[in-house]
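Student: I am new to this structure. Please show me how to read its features one by one.

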Amino acid sequence: MSSISSNLSQHVVVPVHFVGPGAKHSSHMFRAAPPVPSFRLARMSRQPVVLHSSFVENPASNESPPQSLPAKLAPNDCVGVLLLNLGGPETLEDVQPFLYNLFADPDIIRLPPSAQFLQPAIAQLVSTLRAPKSREGYEAIGGGSPLRKITQEQAVALQDALARKGAPARTYVAMRYWKPFTEEAIAQLKSDGITRLVVLPLYPQFSVSTSGSSLRLLERLLREDPSLQNVRHVVIPSWYQRPGYVCSMADLIEAELKKFPDPRTVEIFFSAHGVPQSYVDEGDPYKEEMEHCVQLILEELRRRNVTNSHTLAYQSRVGPVEWLRPYTDDSIRYLGQRGTRSLLAVPISFVSEHIETLEEIDVEYRELAEESGIKEWGRVPALNTNSMFIDDLADAVIEALPYVGSVAGSGIPASESLVPLGEVDALLETYDKDRKVLPPPVLVWQWGWTKSAETWNGRIAMLSIIIILLLEVTTGRGVLSSLLSL
């Protein structure tokens, strides 16, 4: 992305905050995120961006007044919006290769430099072992993930909303681990002649394992393709604090609470996608942004006289390492033991229905809740193409357009930035300095007498020799002679 050496000045990471007439009754709700340690954000100001907002006074209205394209854009500019998402297998046959792509990402499974050559082998092993269980989950929700379909519907809805606001743009879907891959989206926007691009991760909160991983891949693709160096970009790294997102989530929670016999006694249970604790320890802002996100939604609910108790927990942990706590399953058991009898699950880090909402929450966690003594269960649906949510994303895109191609020192006050006014690599340097080699989005394990097989055979043989020598040193006995004597 912005690390293209010949074109550093064309990229910028900006936040998009809501500041305007519609905020005068709730300006405290959309404040900047809480301060974070200076070692994490040494170059980042935490003040809100002051931008034109079209959010109307009446929160029941889903439409903002028409806006026109910023004067900074030339008449012949072709604007594109790149929606980044995880991706998901569309058929049961896709499950294992999808899992391979997921676990081959160094941002998902981190290995020390000396062991990074094992990443493809580990990804192959883990994906093969997990595939049968994962297939059962996808089979339970219809035989595949609906994520691609829903994301494409969001892209169409966003494109329509932008057109209504006088800001025509083409939208593209770029999945990280399955089709349509980011490479396909980049090829299409090249073919369409896009000259200005807003990159919009569909993750409300930033994490190096989600938005960061997609941005690193995008950075590499742009660096390697000289023809893309004339495409100027702006990235909206996170947008959980926007009014459309906050109010839409509050609307959905309020509507689901009314379905319970006694809404006041319901525990509002926010379940977020987990990340390894080590990522947060290294500076990933995900946990902080998630907690602030929940705080904003609760403040909006309190303004509506909804004062239920709440829990925030993290789901979908993988492997033996420590993940963000408290875990969703542990929290459900604790609530049951405490005497909670009514629970409303809120998938807080997901804006589309997929395996983690339809199977993990709706099936696994509901069954666990019932086993734990919780009698009444509800679940807030994902936003999908919620009109207020999509309309606000369109506002975010329009507000970001003036920053396309801007850098620090270009006349934009640094104090107006929530994240660095600069290149995308400023964001990645803050959270992902190592820039580990990204895996290709295809299966790379090759069987047979190939050069790849020779390489892996040699590495496995060398690893085996090292293990044998270590065992002999630690036990004082010859391993091979011990085996032969059995």
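Tutor: Start with a term. Contact means heavy atoms within 4.5 Å. Keep in mind that this is a predicted model.

Student: How many helices and strands does the chain have?

Tutor: The chain has 14 helices and 9 strands. Of its 486 residues, 56% count as buried. Buried means under 20% relative accessible area.

Student: In what order do the strands of the open sheet lie?

Tutor: The order is β7-β6-β8-β9. These 4 strands pair in parallel. The twist averages 25 degrees from one strand to the next.

Student: Why is one side of β7 and of β9 left without a neighbour in the sheet?

Tutor: β7 (310-315) and β9 (376-379) stand at the edges, and each has a single partner strand, so one side of each has no neighbour in the sheet.

Student: How many bridges join β8 to β9, and how many join β6 to β8?

Tutor: Strand β8, residues 342-347, is joined to β9 by 4 bridges. Between β6 and β8 there are 5 bridges. Both pairs run parallel. For landmarks, find Leu343 opposite Trp377 in β9. Then find Phe269 opposite Ala345 in β8.

Student: How should I read the two faces of a strand?

Tutor: In a regular strand the side chains alternate between the two faces of the sheet. Now take β8. One side has Ser342, Leu344 and Val346. The other has Leu343, Ala345 and Pro347. Both faces are covered, and these residues are all buried.

Student: Where does α10 bend?

Tutor: The bend is at Ile361, by about 35 degrees. Just after the helix, Gly373 takes a positive phi of about 100 degrees.

Student: Which residues of α10 are buried, and what covers them?

Tutor: First, the general idea. An α-helix has 3.6 residues a turn, so residues three or four places apart point the same way. In α10 the buried residues include Ile361, Tyr365, Leu368 and Ala369. Ile355, Glu356, Thr357, Glu359 and Glu360 are buried too. Their cover includes α2 (119-140), β6, β7, α9, β8 and β9.

Student: What hand does the unit of β8, α10 and β9 have?

Tutor: To read the hand, follow the path from strand to helix to strand. Here β8, α10 and β9 make a right-handed β-α-β unit.

Student: What is Thr171 in contact with?

Tutor: Leave aside its neighbours within four places in sequence. Thr171 is then in contact with Val81, Ala155, Val156, Leu158 and Gln159. Look at Ala155 again. Its backbone oxygen lies 2.9 Å from a polar atom of the Thr171 side chain.

Notes. Residues are numbered from 1 along each chain as its sequence is written. This is a predicted model: local features need pLDDT of at least 70, side-chain atom pairs count only at pLDDT 80 or more; totals for chains, interfaces and linings use all residues. Side-chain values use heavy atoms; hydrogens and water are left out. Two strands pair if DSSP finds at least two bridges between them. Helices (H or I, at least four residues) and strands (E, at least two) are DSSP runs, numbered from the N terminus. Axes are lines fitted to C-alpha atoms, for helices over the stretch in contact, and angles run from 0 to 180 degrees between N-to-C directions. The bend at a residue is the angle between axes fitted to the seven residues ending there and the seven starting there. Buried means under 20% relative accessible area, exposed over 50%, partly exposed in between (1.4 Å probe, protein chains only). A crossover is right-handed if, with the strands pointing away from the viewer, the path from the first strand over the helix to the second runs clockwise. A polar contact is a pair of N or O atoms within 3.5 Å; within protein, one must be able to donate a hydrogen and the other to accept it, and residues adjacent in sequence count only if both atoms are side-chain atoms.
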